[in-house]
Amino acid sequence: LQGVVLVTGTQSGEVQAVVGGRDPRVDGFNRVLDSRRPIGSLIKPIVFLNALQRPQQYTLSTLLDDSPLVLQQAGAADWAPKNFDNEFHGNVPLSAALANSYNVATVRLGLDLGVDKVMATLHRFGIERDLAAYPSSLLGATGLSPLEVAQIYQTMAGGGFCIPLRAIREVLTPGGEPLQRYDLTVIQAAEPGPVYLLTAAMQEAVRAGTGRGLGRYLDPSLGIAGKTGTTDGFRDSWFAGFTGDHLAVVWVGRDDNGPTGLSGASGAMTVWGETMAALDPEPLHPLMPEGIERVWIDPQSGLRSDKRCPGAVELPFI
C-alpha cells in the first residue's frame with residue numbers, strides 16, 4: 001500500500017510539505033508530482049459549482065433527481081451509474097447530494113450543465129492538461145496528480161481566486177541578496193458568491209456527510225471543508241480539504257492499481273485527520289461576499305421555512 005500527502009498554505013499558495021510515498025528516502029518515484037490517478041468524487045464540487053454559478057436555476061436547496069439512470073452510448077455498453085450504498089434517494093437537495101456524494105444525482109446534474117463546461121471549469125481552476133469530456137468524467141474517471149488536485153482545491157479555498165502553487169519564494173546570493181523573486185500571481189477563476197455556497201456545502205459534507213468521521217481527529221467547530229473520493233473497486237482512496245490556514249490532499253492506493261479495500265473515508269481521510277490535527281489548524285470562517293443572504297429552508301421541499309419548523313436548515317443564497 002502506498003500513500004502521498006501534500007500540504008499548502010491557503011492564503012499564499014506555498015507548498016509546505018510533500019510526501020511522495022511511504023518511504024520517500026529510498027523510493028525515487030514522487031507520486032505527488034508524477035502519478036496520475038482517477039480522482040473519483042473529488043471532482044464533484046466542480047460539477048456543483050457549475051450549477052451554483054446559475055443562481056436563477058440552481059441553489060443549495062434545489063431538488064435533484066437521484067433515481068435510476070441508464071445512458072446509451074454508441075459503440076459502448078450501456079452505462080448505469082450507481083451510488084456507493086447501492087440505493088437511490090429520489091429528490092434530494094443539492095447541498096445534501098454533494099454532502100452525501102450521490103453519484104446518480106451528480107451525473108444527472110452534470111449532463112444538464114454540459115460535461116464540456118465542467119471540464120472547462122477545471123482548466124480555469126489551474127489544470128493545464130487536456131481533459132476528456134465523457135459522462136464518466138463527472139464521477140472522476142479523469143486521471144490527475146495529487147499536485148493538480150491540490151491546485152483545484154487551492155482555488156476553492158481562495159474563494160475562487162486561482163493562485164498557482166509554488167515551492168520557491170525567492171533565490172538569493174550567498175550574501176542574502178535576491179537574484180530572483182517569484183511574485184504572487186492571482187487569477188479570478190470563479191465569482192466569490194457561488195464559491196461561498198460551495199464551501200458551505202463542503203463544510204456540511206464534513207459536519208454530517210461522507211467526511212463526518214473527521215470528528216474523531218478534529219473539533220467540528222473548526223468548520224473544515226472537504227471531500228472524500230473513492231474509485232471503482234476501492235482502488236483509490238482520496239481526501240482533499242482545507243481549514244482557515246492549511247489545505248491538504250491525501251491519496252492512498254497501490255502502484256499496481258490493485259484494490260485496497262479502503263474508501264476515501266476509511267483510508268485517506270484518516271491520514272488527513274491525523275496530519276491536520278498535528279498542525280493545530282485555524283478555523284475556517286469564509287468571508288460572506290456581497291449579495292448573499294441566509295434563509296431557513298425545509299429540506300424536504302426545498303422551500304422557504306422558519307427556524308422553528310421541524311428539520312429546518314439555514315442555507316446561504318445568492
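Ser 101 sits in the loop between helix H3 (94–99) and helix H4 (103–113). Helices (H or I, at least four residues) and strands (E, at least two) are DSSP runs, numbered from the N terminus. This is a predicted model: local features need pLDDT of at least 70, side-chain atom pairs count only at pLDDT 80 or more, and totals for chains, interfaces and linings use all residues. Residues are numbered from 1 along each chain as its sequence is written, and side-chain values use heavy atoms, with hydrogens and water left out.

Q: Why is Ser 101 called buried?
A: Its relative accessibility is 10%. Buried means under 20% relative accessible area, exposed over 50%, partly exposed in between (1.4 Å probe, protein chains only). Ser 101 therefore counts as buried.

Q: What makes the phi of Ser 101 worth a remark?
A: Phi of Ser 101 is near 60 degrees, a positive value in a residue other than glycine. Most residues other than glycine have a negative phi.

Q: Why does Asn 86 count as exposed?
A: Asn 86 has 60% relative accessibility, so it counts as exposed. Asn 86 lies in the loop between S4 and strand S5 (90–93). Its phi, too, is positive, near 60 degrees.

Q: Why is Thr 62 called buried?
A: Thr 62 has a relative accessible area of 19%, so it is buried.

Q: What does the side chain of Thr 62 reach?
A: It reaches the backbone nitrogen of Thr 59 at 2.7 Å.

Q: Which residues is Thr 62 in contact with, leaving aside its neighbours within four places in sequence?
A: Gln 57, Val 92, Pro 93 and Leu 94. Contact means heavy atoms within 4.5 Å.

How values were computed
A polar contact is a pair of N or O atoms within 3.5 Å; within protein, one must be able to donate a hydrogen and the other to accept it, and residues adjacent in sequence count only if both atoms are side-chain atoms.
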